[in-house]
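Here are my notes for your read-through. Keep the structure open beside you as you go.

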Amino acid sequence: MALAAEANDLWAGLVQDIFNNRPMNDGSDVIGIEMPSRAEDAAIVPVTLRTKLAAGDSRQVRSITLVIDQNPAPMAAKFQLGPNANVSEISTRVRVNNYTDVHAVAELSDGKLYMTKTYVKASGGCSAPAAKNADEAKARLGQMRYRQFAKTGEGPASGAREAQIMIGHPNNSGLQMDQVTHLYVPAFFINELRLWQDDSLVLTMEGGISISEDPNIRFTYVSNGAKRFRAEAKDTEGHVFQREWKVDDSGT
């Protein structure tokens, strides 16, 4: 009971800090969150956010905020959805530092917030050593890969599609220790990501230290017939990474 009360108190504080104490509505029929109940690797825990609005619902999901309650910086990411992209699913990988509730909060076009949550058993994800050494991470810094899962010539040019953006970046949390010097590695991570089909915005991400090394964002959207896909990412040291691909040409 004491643990449950502590968790509830923590969420109340996060609602105040992240959402300015705005009312939270039941989001069970608005937004879904899927994560393993027990993580195999706390540094790369998969998470999928899925919109659940009924087909006849006139409202739109404008943003989705992912909150990992017990992490040192609880707001893992905020996704703003392009007004005409019809993004219905977003998947990524996150660090989980302690056994925790994980909340997904959707803001709809009616101006209200809708919340759902799940519980994840994992620990040590934010302080886990980087998978790649510093030289390797530096060599791959800002490299982007793009995958498009709709096959060329299959179905209409404008229709539901699935794509993935991968960015080479250490995404250091600031809690990891250098195994040689035994000093903490400064926080250094992707904090902005923007994706477009031609000049139409698909989604943006405001990221934090909870997004895993080499950020990986997979999402569904509706094509507007665009020929090109563009990505722009920025990190906390001011680097700007930009790439552009033909929509049907997956690659680096």
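1. Start with a term. Two strands pair if DSSP finds at least two bridges between them. The model is predicted. In it, β3 and β6 (residues 89–94) pair in the antiparallel sense, over six bridges. One place to look is Val 45, whose bridge partner in β6 is Val 94.

2. Now widen the view. Six strands make up an open sheet. Their order is β2-β3-β6-β13-β10-β9, and the pairing is antiparallel. From one strand to the next, the twist averages 15°. As background, strands of a sheet pair through backbone hydrogen bonds.

3. Which strands are the edge strands? They are β2 (31–34) and β9 (144–148), and each pairs on one side only.

4. Four bridges join β2 to β3 (residues 45–51), in the antiparallel sense. Here Ile 31 stands opposite Thr 51 in β3.

5. Arg 147 stands opposite Gln 164 in β10.

6. Turn to the pockets. The largest has a volume of about 410 Å³. Its lining has 16 residues, and Ala 130, Lys 132, Asn 133, Ala 134 and Asn 172 lie nearest its centre. By class, the lining holds nine nonpolar, four polar and three charged residues.

7. The second largest pocket holds about 340 Å³ of space. It is lined by 17 residues, with Arg 59, Gln 60, Val 61, Asn 86 and Val 87 closest to its centre. This lining has seven nonpolar, six polar and four charged residues.

Notes:
Residues are numbered from 1 along each chain as its sequence is written. This is a predicted model: local features need pLDDT of at least 70, side-chain atom pairs count only at pLDDT 80 or more; totals for chains, interfaces and linings use all residues. Side-chain values use heavy atoms; hydrogens and water are left out. Helices (H or I, at least four residues) and strands (E, at least two) are DSSP runs, numbered from the N terminus. Axes are lines fitted to C-alpha atoms, for helices over the stretch in contact, and angles run from 0 to 180 degrees between N-to-C directions. On a 1 Å grid over the protein atoms alone, a cavity is a set of points where a 1.4 Å probe fits but cannot get out, and a pocket is an open set with protein on both sides within 12 Å along at least five of seven lines; lining residues have an atom within 4 Å of a point. Grid points are joined across faces, edges and corners, and a volume is the space filled by probe spheres set on the points. Ala, Val, Leu, Ile, Met, Phe, Trp, Tyr, Cys and Pro count as nonpolar, Asp, Glu, Lys and Arg as charged, and the others, Gly among them, as polar.
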